[in-house]
Amino acid sequence: MAALIAQLLISGLATGAVYALVAIGFSLLWQGAQTVNFAQGDFVTLPAFLILAGTALGLPFWAALLAAMVLAAAILGLLFKRILVDPMLRHGAMPLTIATMALSIFLENAMKNAASAEAYPFPGLNGGITLGPLFLDWQSIMVLGVAVVAVVALTLFLSRTRTGRAIQATAQNPAVARLLGIDVGRMVLITFLINAVLVTIAAALISPIYLVKFDNGAQIGLSAFCAAIVGGFNQVRGAVAGGLLLGVTEMFAATYGPDQYRAAVPMVLLIVFILFRPQGILGRAEERRV
Amino acid sequence: MSPVLEARELHRHFGGVKAVNGISFAVAEREILGVIGPNGSGKSTLFNCLLGQIAPSSGRVLLDGVDVTGLRPSELNRRGVSRTFQLLQVFPQLSVRENLILAGQEHVGGRIRRLFGRPDAGLGGAADHMMELFRLTHLSALLAGSLSYGQQKLLDAAMAFMAGPRLVLLDEPAGGVNLTLLGAFRERLRAMNAEAGATFVVIEHNMDFVMSLCSRVICIAEGRIIADGLPGEVRENPEVIEAYLGH
């Protein structure tokens, strides 16, 4: 029993780590540009296709991953910001949010047209290691390891570098940040580029498990969105906590409950948190003066 | 020698309302100029025109004799003009020390150093000194958002000095600060004026604070300067008394 629980915990943490990476992107875009990006799930699917395209062209996996990261930064970072976010944000957060929904539909159909509705296998690690009653598969270990490194690197970047501090200042008070001479536009762009890198890493980690299919993004995006809110929408640590909690909850719910309801777990968790802890696990209750 | 700051015939109209109506004055190096006036007299609009936050309808703003009318606040900041805010504008989720370093870091080094240079931008010593001056050392590692209102006011003021400004515009610095902190705050500002040679323009409603800090005071009413002189002279000026009492 204990071994099964440990096994579920590790598998749940591995899935949750991927949710966490995508959820961090949600939080960063929210902080940087007040953008709730409902195409975030599709932002994970596109780099997966790009990596597959790279390997199909004969590139080794690592080179295809790097190329996909650069392309994702250009398409999902730079172009997304310049073509959609900048023009729409002038009209308010809500029109932009709706525009990201439209972008999600566009991306899904574009990927379906380009790659068909087939689910493509994605290279991953096989086998694992047996520790007593526990079997740890290499893929889960790698997912956890890479996600931890990515989160630690991002946290160090945001907290220990001048640029990271300027990004935080931009998120907290863009008007004053601008007054202090910070190039707010560039900081927001860096935030979008970070998101593009994170979703590419998430794509490489989760695709061996879910395969690559044009509409995978809907579920990943929804789960990560719920994870970001459950963790506390306005901070990276919260997104990590929310992602891990959701991954573990999903795993236990799927094992001990009816599997067909697994997809509802993120929404149920979200509703529970909205009712009983609306600021999320690590979020702060925000005061408003009236 | 040209004054540090000069306003020449500044006007700012909002439709038919003449918020600033032909204001001219000059601020000499190391001077502490107080700007007083009843509510709605045009002080804040004047401040916003001086700081480039709104464009004047007409007139000019000169910094060291150079026309800076219409320059953006960030550009003025690079030219050595700093400000504090009437409403608190610290970064609540950064520590006190990080707030201070942030306030000065964009003035140090180019793009490469910003990316790969020291995390404290070489400003750690300056931040420590500023915390010592404003009695914030014991709060160094705390998040700015967790400080009391008065402490955040001190931090806001300390941030204004991090970039080594020549001119600091303080917008109601005494507002909401308790009496104990206020005395210390005034002494800190005096020390900064003496040690750093910074020039101040202070908008303030607290008369005792203005009169005891400033070397010269101007009083604005209905968008015009109605008195300009030593603090004692302005306080006794009948026109000023009438403007405040509304007779």
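Reply: Start at A:Gln34. This residue sits just after helix 1 of chain A and takes a positive phi of about 50°. Keep in mind that the whole model is predicted.

Look back along the chain. Helix 1 of chain A covers residues 2-33, which makes 32 residues. From first C-alpha to last, helix 1 of chain A reaches 45 Å. At 1.5 Å a residue, 46 Å would be expected, so the span is close to that value.

Now place the helix in its chain. Chain A is divided into domain 1 (24-214) and domain 2 (216-290). Their C-alpha centres lie 19 Å apart. The two domains touch: 20 residues of domain 1 of chain A are in contact with 15 residues of domain 2 of chain A. Which elements of domain 1 of chain A give two or more residues to that side? They are helix 1, helix 2 (40-56), helix 5 (138-160) and helix 8 (184-210) of chain A.

Chain A has other residues with a positive phi. A:Leu211 has one of about 65°, although A:Leu211 is not a glycine. Find A:Leu211 in the loop between helix 8 and helix 9 (216-231) of chain A. Is A:Leu211 buried, exposed or partly exposed? A:Leu211 has 14 other C-beta atoms within 10 Å, so it counts as partly exposed. That count falls between the two limits, because a residue needs 20 or more to be buried and 12 or fewer to be exposed.

A:Gly132 also takes a positive phi, near 60°. A:Gly132 belongs to the hairpin of strand 1 and strand 2 of chain A, with 2 residues between the strands. Strand 1 (residues 128-131) and strand 2 (residues 134-137) of chain A pair in the antiparallel sense over 4 bridges. In one of these bridges, A:Leu131 has A:Leu134 as its partner.

Next, go inside. The largest nonpolar core has 164 residues. A:Ala20, A:Val22, A:Ala202, B:Ala158 and B:Val202 touch the most other members. Helix 8 of chain A gives the largest share, 15 residues. At least three core residues come from each of domain 1 and domain 2 of chain A.

Leaving out residues up to four places away in sequence, B:Ala158 touches B:Leu100, B:Met130, B:Met131, B:Phe134 and B:Leu136. Strand 7 and strand 8 (residues 199-203) of chain B pair in the parallel sense over 5 bridges. Strand 6 (residues 81-83) of chain B also pairs with strand 7 of chain B in the parallel sense, over 3 bridges. There, B:Arg83 has B:Leu169 as its bridge partner.

How enclosed is strand 7 of chain B? Of its 5 residues (167-171), 5 are buried, so strand 7 of chain B is largely enclosed by the rest of the structure. On one side lie B:Leu167, B:Leu169 and B:Asp171, and on the other lie B:Val168 and B:Leu170. In a regular strand the side chains alternate between the two faces of the sheet.

Chain B also has an open sheet of 4 strands, with order 2-1-4-5 and antiparallel pairing. Strand 2 and strand 5 (66-67) of chain B stand at the edges, each with a single partner strand, so one side of each has no neighbour in the sheet. Within this sheet, strand 1 (residues 5-14) and strand 4 (residues 58-63) of chain B pair over 5 bridges. B:Ala7 and B:Val61 are bridge partners there.

B:Arg30 is not a glycine, yet has a positive phi of about 65°. B:Arg30 is found in the loop between strand 2 and strand 3 of chain B. With 15 C-beta neighbours inside 10 Å, B:Arg30 counts as partly exposed.

Finally, the chains meet. Their contact takes 20 residues from chain B and 15 residues from chain A. On the side of chain B, helix 2 (73-78), helix 3 (96-105) and helix 4 (111-116) each give two or more residues. That side has 9 nonpolar, 7 polar and 4 charged residues.

Terms used: Residues are numbered from 1 along each chain as its sequence is written. Chains are lettered from A and ligands numbered from 1 in the order in which they are written. This is a predicted model: local features need pLDDT of at least 70, side-chain atom pairs count only at pLDDT 80 or more; totals for chains, interfaces and linings use all residues. Two residues are in contact if their C-beta atoms, placed from the backbone, lie within 7 Å. Ala, Val, Leu, Ile, Met, Phe, Trp, Tyr, Cys and Pro count as nonpolar, Asp, Glu, Lys and Arg as charged, and the others, Gly among them, as polar. Domain bounds come from an automatic or database domain assignment. Two strands pair if DSSP finds at least two bridges between them. A nonpolar core is a set of buried Ala, Val, Leu, Ile, Met, Phe, Trp, Tyr and Cys residues joined through C-beta atoms within 7 Å.
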